[in-house]
Amino acid sequence: MTVDPSRTDDLAVVGTRRPKIDAMARLTGEARYADDLSMPGMLVGRQLRSIHAHARIRSVDTSRAEALPGVVAVITGRDVPIAYGVLPVSQDENALAVDRVRYVGEPVAAVAAVDEETAEQALRLVSVDYEPLPAVLSIEDALDPSGVLIHGEGQGANVHKAVALEFGDVDAGFAAADLVREDVFSFAGNTHAPLEQPATLAALGGDGRLTVWSATQAPHYLHRALARVLELPSSRIRVVAPPVGGGFGAKTDILPHEVAAAKLAMVTGRPVKITLTREEVFHSHRGRHPVQMWVRTGFTSDGRITAMHFRSLLDGGAYGSFGVASTYYTGALQTTTYRIPAYRFEGLRVFTTKPPCGPKRGHGTPQPRFAVERHLDRAAEELGLDPVELRLRNAVEPFSRTVNHLRITSCGMRACIEEVVSASGYHGKKGHLPRGRGVGFAVSAYLSGAGLPIYWNDMPQSEVHIKVDRGGGVTVFSGATDIGQGSTSTLATIVAEILGLQPEDLAMVTADTDLTPVDLGSYSSRVTFMAGNAAIDAASKLARLVAEGAAQRLGVPPEELVFRGGQVAVRGDPRKSLSWAQAVRAASARGALMTSGVYWAPEMAGPYRGSGVGISPAYSYSAAVVEVATDPETGEVSVEEVWIAHDIGRAINPVLVQGQVEGSVYMAVGEALMEEQSFRRQGVHRGPSLLDYKLPTTLETPKIHTILIEEPDPEGPFGAKEAGQGPLLPVIPAVAAAVEDALGVVVHEVPITPDRLLRALRAGHRGKAPVIGPASVPSFEFGEPERVQPPVGSPAEVAVP
Amino acid sequence: MMRLPPFARLAPRTLAEAVEMLADQGPGAAVVAGGTDLYPNMKRRQVEHHALVDLRAVEGMRGIREEPGGGISIGATTRLSHLAGSSAVPRALAHAASVIASPQIRNMGTVGGNLCLDTRCSWYNEPEDWRTAVGFCLKAAGDVCRVAPAKSHCWAVASSDLPPVAIALGASVRAVGPGGERTFPVADLYRDDGIDHLALLPGEIVAELLVPPVDGLRVTYRKIRRRGSIDFPELGVAASVRLAPEGICEAATIVLGSVASAPVRCREAEDLLAGRPLTPEVIEEAAAAAAHPAKPQDNTDLSHVYRKWVIPIHVSRALQSLS
């Protein structure tokens, strides 16, 4: 028998539109999220949070809280003194602040009590003696050499990470250009706002083992961090991720309440659950960094890019989180869409006394994508070129290498552009709609999984196990967390395709460190590609075992068997067949039916520090056209219609892909028009609620036309690439471009709020340039960049499985 | 947001019983109907009440009736969704009800609740921890206004949608209290004081909204907010005009919501309209004047500067729709 995961025809379940296998469970409330879990004797945990943006903790007195009837334990930073962080280079956070708080809302103490009211009351009885320190709330303040250091003592600039890289000869590229253009951009911070508020239940078993059920996207990373902070061997800890109600990156980092719940369970010997309130979710954050950007690009007169210099300054908040990676990401993917022969990137992340920023859908790339796309629109104007044509002239070629050593394999960018421009009627609309209406266009690319794990190791990035019982029941074990994106359904579909079964036939066991093999987690759009390939590997091995058993019974060589429709049949002679259950019986007589599959990404990293960020086994491509209606008098903007083409490689389930694309458009519209994680001068969030933090609702969501481009990727599972993040990227700059087309206001900043837009319009009425955007970016001396030779011999070798 | 604190819930069957219970409970008690405003405020510990008199079971307090002498009576516990869908009431009033919050909230929230909605402020409608971090304000246990610290005045904003249009309609409120009942114009229900914004007598309960016959009055309401799906108004504009057959404006009422602690009448603009035809020039003149009495502060969504800027635009559009 043969299994060819790259085959493009004759697929039974892959590529068919079908509901998620857990759709009914999620719809009816049968699915039990972390906060739905309850255990006998369970205590309620709550965290006391800092009311200062920055302060030294002189002392914490918990005695009155401990004396309150119903309170079982109170812990402080002294009980969990080991610092941790998701990245090995940023072990800078404590679950409960030890001697200093660095943002309003940082946890200082945690209580476990018999009920929520008692726990709340106990928090009020904990007295913390603070010595307030100055708040640091902007990049400018953070860089002030006479300002207070947030990490460390005394004065100085709060630089978390500064990076300067140069690929090729940028100065020569600018010298050869006919046009060199500079622009500055600003992208506000915003937050994920998942519907499910994070929750963690922890319980110590009678055997002394700790089990932690947590709404996490990355059980493996949580597992590692808990072992470190709690000083337990990994083998004594089990981490389970129940169904998660939306992540978007919010549940990728190790969150303080996860550690606090675990510690309280150990201290009390009773199960402890902590569920964050909605306000606390805004403090927990780890969302989109506010980024200020400056970009200079050289062009020939016919629009070809000769060199680019991109500088980004990130306001990181109080802790490292994923910030080092975020910083690199603001510079990494510019080259994945356009041929840039010489490229210099300077990135800076500073600490400020605000909730830590981290990864949010598109991690570090929506901000630079906004800047680059808007910058190209400016250049197109100056060059007298159509914005679409300028993109096409610079489009990367499939199977090539970028100047910063990224390996491009399949690339459906041209098809995305052509489809979306044609479907939207872009050229008939741009510049031709009545005042107040406009269209905008942009393109983007994103990773199908980060090429490297967040901590260095040479183990597989994904493993999948499959076990078959003697009645033919198939159980698939994967460490990947279904955060609503449908990863469990996708893995079931892949396995079902290979075994000739239906996805609903399979039992899926996921995200449980006791039961499932390691998967690095549901982040960086990696699960379909990486766990999918591991699932193909495991299923193919299983099919081989079953085929060998069936072949013996049918008296043919195993190579002649095909798996289809619940039958194992001789190719070309379907009358000679066994049912799946009969075939399993035959194979079981030869030994246990259990297989393991693995996925390692190919080695792709370039010869420089930081080259691990940006590499991916495949990139998805997207293009979008957005049409807006604006009110020229009031500055209100409504996104009316979005056409988006997404190069998915292959849609394992088009319904789920379309859902991801639509969700991305929805989120992008929010980021473009209204979402902003902003703070008052005291360092408090301006409105930590779903009323005050403006997210679009269904009614503000535009009509979305999704076009899927399927050009199978040679390494993707059945050719698939990612869908969860990439489609967000082009929409934000396209909204801005559409507002420009509608009103003639230059938009170099998001969100485009009515007040910002009206201010710009009024400036225009007074004869000034109507602009939304910064005049400059904060200055920082990056020093000489690390110079990296571009790759020689550009075609990319593809590891065909 | 925390859970509700403990409180006693009383459920009278008649309005007289409700008035008596409220009086018996003394200061610190309040009435509740839909609870869509009060309960979140209690969960954030903005207000504390040891007892709530729940009006939902009070007989005769719910529903829309045509009055014998003309006009409409709307019981205070009438649900907003009922008002929004009613063809018996002036369309502008039904429209104002239909743009309050979300369908779920309109199904719980009541007319009386919207009329008596607590004033809102971005320094006040926040969790207790938040207010501890920035310091409490005049409206809640503090001694300084966080919006305008120099003043000893609370600038919390009247954020309900029904009052401006009710005033433009010339509607009245009937209130019942320990001293008996009284009927007065809706405008007199409010004081421009963010803390003590209702001019009810102690123990008084709003029983009904009385809308006079429209009788040729043209009325409109415009609500400005970020999300048409749910938000409170950042600006509400209600306008009514009575036009003589030849198009001359005999009388006009313009009321702004969300620019002060009470609905704001734009008398200067109204006077500019009186006796003149609603030509574009006249409308522009009146619309510009309408912004004069409004002093929006930086305590709602969107900047106060923006809200001031757009008042003439929306007043102008409101008047255009009536001309």
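Trainee: How many helices and strands does chain B have?
Mentor: Keep in mind that this is a predicted model. Chain B contains 11 helices and 12 strands.

Trainee: Why is chain B said to be as compact as a globular protein of its length?
Mentor: Compare the radius of gyration with what a rule gives for the chain length. For chain B the radius is 20 Å, close to the 20 Å that the globule rule gives for 323 residues, so chain B is as compact as a globular protein of that length. Its C-alpha atoms fill a box of roughly 60 × 50 × 35 Å along the principal axes.

Trainee: What share of the residues in chain B is buried?
Mentor: Buried residues are 53% of the 323 in chain B. Among contacts in chain B with a separation of 6 or more, 66% are between residues 24 or more positions apart.

Trainee: How many residues of chain A are in contact with chain B?
Mentor: The size of an interface is often given as the accessible area lost when the parts come together. Here we count residues instead. In chain A, 25 residues are in contact with 21 residues of chain B. On the chain A side, α3 (116-125), α8 (278-284) and α19 (754-765) each supply at least two residues. By class, that side of chain A has nine nonpolar, five polar and 11 charged residues.

Trainee: Which domains does the assignment give for chain A?
Mentor: A domain may be made of separate stretches of sequence, as domain 1 (23-31 + 453-599) of chain A shows. The others are domain 2 (34-133 + 197-244 + 251-284) and domain 3 (291-452 + 606-787). The centres of domain 1 and domain 3 of chain A are 37 Å apart, taken over C-alpha atoms. Their contact takes 17 residues from domain 1 and 21 residues from domain 3. On the domain 1 side, α14 (487-499) and α15 (527-554) of chain A each supply at least two residues, and α15(A) gives the most, with six.

Trainee: Which residues does a cis peptide bond join?
Mentor: Look at omega. It is about 5° for the cis bond between A:Val750 and A:Pro751. A:Pro751 lies in the loop between β30 (749-750) and α19 of chain A.

Trainee: Is A:His285 buried or exposed?
Mentor: Count the neighbours. A:His285 is buried, with 29 other C-beta atoms within 10 Å. A:His285 has a positive phi of about 50° although it is not a glycine, and its place is in the loop between α8 and β13 (291-299) of chain A.

Methods
Residues are numbered from 1 along each chain as its sequence is written. Chains are lettered from A and ligands numbered from 1 in the order in which they are written. This is a predicted model: local features need pLDDT of at least 70, side-chain atom pairs count only at pLDDT 80 or more; totals for chains, interfaces and linings use all residues. Helices (H or I, at least four residues) and strands (E, at least two) are DSSP runs, numbered from the N terminus. The radius of gyration is taken over C-alpha atoms; the globule rule is 2.2 Å times the number of residues to the power 0.38. A residue is buried if 20 or more other C-beta atoms lie within 10 Å of its own, exposed if 12 or fewer, and partly exposed in between; C-beta atoms are placed from the backbone. Two residues are in contact if their C-beta atoms, placed from the backbone, lie within 7 Å. Ala, Val, Leu, Ile, Met, Phe, Trp, Tyr, Cys and Pro count as nonpolar, Asp, Glu, Lys and Arg as charged, and the others, Gly among them, as polar. Domain bounds come from an automatic or database domain assignment.
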